[in-house]
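Good morning, and thank you for coming. I would ask you to look first at the sequence and the structure, and then to follow me through them.

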Amino acid sequence: MWKWLHSYADPERAYNLSGKLLPWFAMLATALVGIGSVWGLVFAPVDYQMGDSYRIIFIHVPAASMSMAAYMAMATSAFIGLVWQIKSADWAAAAIAPIGAVITLIALITGATWGKPMWGTWWVWDARLTAELVLLFLYLGIISLYASFEDKVLAARAAGILAIVGVINIPIIKYSVEWWSSLHQPSTIRITEKSAMPTEMLYPLLINILGFGMMIGAITLIRFRAEILARNGMRPWVRELAKAEGVK
Amino acid sequence: MKKGISFRQAFFTLLKRDLQIAIRHKGDIFNPLLFFILVVTLFPLGIGPEPQVLSRVAPGVIWVAALLASMLSLERLFKADFVDGSLEQMLLSPQPLPLMVLAKVLAHWILTGVPLILVAPLLAVLLHLDDNSYGALMATLALGTPVLSLLGAIGVALTVGLHKGGVLLSLLILPLYIPVLIFATSAIDASSLNLPYSGHLAIIGAMLVGSLILAPFAIGASLRVSTN
């Protein structure tokens, strides 16, 4: 049933397919993040309690939710790479890791700037914040483990095992606001019922979340293509590609 | 075909071997313990000798020191076997790798975790820990240090083939240690207020059971990567 998928594990086809997908992701990302950010930062109504500084959520919430989504994507690719020995999946995981780390850092920094006006402090040692910090450390650990092996096939396997072990942290972050009494408010977006948020604020937020997802997709594709080229430098098709680009 | 030796025999042979090797190199047992004691004694010197302050930070200090001591001692878990090739023999043997790994981790815990638990009450006295927290301290250490050994062994197995594994190891396993630290110290804090702490203990116990089941497989897979 999944046989047709296997042909895309071939580096050349994966490279070409991601090249075709890249403009779509990039266009959607630019459009959605543009619309969502302008709508959220300029046109969305002012919150009666929190004033204008609540607008940080239009960056913070997408970054935070995508930091977890990126981790799951990375761990899933690592799992596929480890179990079915598909190298393209390993490269995809390696491509996602630094992006996830940066988006986690963005979530932490915007969260801190939100905390200062709202809670009166940059940082509290609270379950969700700590778990998000741990997520950043996990990303950094995976990146440095991948970097410290000379042999990148081994590196991907080692980092993949660590990524899969670290998945345990994701539900902890997700449910930390429900399990512990936390300063961080529980999520206001509901998928099945009505959200605890007026629609004029909800729509730009949802658009931005989708836009951030597309943006991560686009950057991942760029890095994935670079990773494929780096790992297949000796293959004839890469050499032809380099020749066509005018490299000696 | 006869299998040679049973799983139980293999497990205990390896356990005995590791214990024997460690007993012949007594430094392996005493150095992490000394490190643990030294780190704990640094805190009263660093933050001042007031008993109220010390008794407030005691659970955290003891647990952080235990975490670091366990991490430092872990580095040697597979190193010698990796260097002299016996690790590869272990991978090639017909016995299941997770079982062998579990024996090694158990040996490591007996050599470093148990002495640490035994010496902890003494350090707790030095730090003026609340009288009703001793039970919680011992219980969390007894349940928590095996988790540290099991989780840490994953990191060690991943880095055993690398030349500069030391700093990387701390980056890999300290994030995984954080949940144990949080629940252990909050259990001790709860006990000092005479609140029930069985819930915290249950969670640490769940972590122990979970890591006991899953970690040996992750360690085995990591060793196969490292010895490739």
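Predicted model: local features only at pLDDT ≥ 70, side-chain atom pairs only at ≥ 80, totals over all residues.

I begin with a span in chain B. The end C-alpha atoms of residues 136-160 of chain B are 34 Å apart, and this span is 96% helix and 0% strand. Residues are numbered from 1 along each chain as its sequence is written, while chains are lettered from A and ligands numbered from 1 in the order in which they are written.

What is the secondary structure of chain B as a whole? Chain B has 9 helices and 0 strands. Here helices (H or I, at least four residues) and strands (E, at least two) are DSSP runs, numbered from the N terminus.

Let me turn to the overall dimensions. The C-alpha trace of chain B spans about 65 × 35 × 30 Å along its principal axes. For 228 residues, a compact globule would have a radius of gyration near 17 Å, and the 18 Å of chain B agrees with that. The radius is taken over C-alpha atoms, and the globule rule is 2.2 Å times the number of residues to the power 0.38. Of the 228 residues in chain B, 44% are buried. A residue is buried if 20 or more other C-beta atoms lie within 10 Å of its own, exposed if 12 or fewer, and partly exposed in between, with C-beta atoms placed from the backbone.

Next, the contact between the chains. Chain B contributes 14 residues and chain A contributes 14 residues; two residues are in contact if their C-beta atoms, placed from the backbone, lie within 7 Å. On the side of chain B that touches chain A, α7 (134-159), α8 (165-192) and α9 (198-226) each supply at least two residues. The largest share of that side, 6 residues, comes from α8(B). By class, that side of chain B has 12 nonpolar, 2 polar and no charged residues. Ala, Val, Leu, Ile, Met, Phe, Trp, Tyr, Cys and Pro count as nonpolar, Asp, Glu, Lys and Arg as charged, and the others, Gly among them, as polar.

Gln85(A) lies in the loop between α3 (57-84) and α4 (87-119) of chain A. Although Gln85(A) is not a glycine, its phi is positive, about 55°. Why does Gln85(A) count as exposed? Gln85(A) counts as exposed because it has 12 C-beta neighbours inside 10 Å.

His128(B), in the loop between α6 (97-126) and α7 of chain B, also has a positive phi, near 55°. With 17 other C-beta atoms within 10 Å, His128(B) is partly exposed.

Finally, Val160(B) sits in the loop between α7 and α8 of chain B. Val160(B) has 22 other C-beta atoms within 10 Å and is therefore buried.
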